Amino acid sequence: MDTHLVKRTWFTKPHSEGSEAPQVRLMTYNILGDGFIQKDEYLYCPEKIRYLSNRHQRILQEISYVDPDVLCLQEVSRSHFDGHLKPDLALKGYHGIHATHKKNDNRDGLAIFYKRDTLKLVDQKVSLSYDC
């Protein structure tokens, strides 16, 4: 698939004087899970890239371009996480965890990935809510 990414200009916030805290690059991305696409929605998007199976490589390219230390993804199904995101991002040096919003709803979840050579997972606790 011929892919053209939108090139962005990034600005780095300078450290506060006297701060020795390391900088961390964070990326968040709603990948629009297929379970949320209704028949007559997103018609402005060409069908060849409307569905996740056709967008997955483009998403990976965008992630590689940004090169985040921490990556937060929304609308991630458990099957897409296990079958695609987790193994593909592991090849790029990331470890990921997944959580679903509802016990019996595989289509909607969140995934958080972090670079294994930069960060270390010390503990994890999952608490998701729609009470926003």
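Biologist: What makes E2 and E4 a pair, and in which sense do they run?

Modeller: Five bridges join E2 to E4, and the two run antiparallel. Strands pair if DSSP finds at least two bridges between them, so five is enough. One spot to look at is Cys-72, which stands opposite Ile-112 in E4. Before we go on: this is a predicted model, where local features need pLDDT of at least 70, side-chain atom pairs count only at pLDDT 80 or more, and totals for chains, interfaces and linings use all residues. Residues are numbered from 1 along each chain as its sequence is written, and side-chain values use heavy atoms, with hydrogens and water left out.

Biologist: How many bridges does E4 have with E3?

Modeller: Seven, again in the antiparallel sense. In that pairing, His-95 has Tyr-114 in E4 as its bridge partner.

Biologist: Why is E4 called largely enclosed?

Modeller: Five of its seven residues are buried, so the rest of the structure largely encloses E4. Buried means under 20% relative accessible area, exposed over 50%, and partly exposed in between (1.4 Å probe, protein chains only).

Biologist: Why is the contact of Asp-67 with Lys-115 called a salt bridge?

Modeller: The rule asks for a side-chain nitrogen of Lys or Arg within 4 Å of a carboxyl oxygen of Asp or Glu. Here the N to O distance is 2.7 Å, so Asp-67 and Lys-115 pass. Asp-67 lies in the loop between H2 and E2 and Lys-115 in strand E4, so the pair ties together parts 48 residues apart in sequence. Lys-115 is buried at 13% relative accessible area, while Asp-67 is partly exposed at 39%.

Biologist: How many salt bridges does the rule give?

Modeller: Two. Asp-82 and Arg-78 form a salt bridge at 3.4 Å, N to O. Both lie in helix H3, four residues apart, about one turn of the helix. An α-helix has 3.6 residues a turn, so residues three or four places apart point the same way. Asp-82 is partly exposed at 41%, and so is Arg-78 at 33%.

Biologist: Where is the kink in H3?

Modeller: At His-84, shortly before the proline Pro-87, with a bend of about 30°. That bend is the angle between axes fitted to the seven residues ending there and the seven starting there.

Biologist: How do you know whether Ser-77 is buried or exposed?

Modeller: Its relative accessible area is 16%, under the cut-off, so Ser-77 is buried. Ser-77 sits in the loop between E2 and H3, and its side chain reaches the backbone nitrogen of His-80 at 3.0 Å.

Biologist: What makes a nonpolar core, and how many residues has the largest one?

Modeller: A nonpolar core is a set of buried Ala, Val, Leu, Ile, Met, Phe, Trp, Tyr and Cys residues joined through side-chain atoms within 4.5 Å. The largest has 16 residues, and Leu-73, Leu-89 and Phe-113 have the most contacts inside it. H2, E2, H3 and E4 each give two or more residues to this core, and the largest share, five residues, comes from H2.

Terms used. A polar contact is a pair of N or O atoms within 3.5 Å; within protein, one must be able to donate a hydrogen and the other to accept it, and residues adjacent in sequence count only if both atoms are side-chain atoms.
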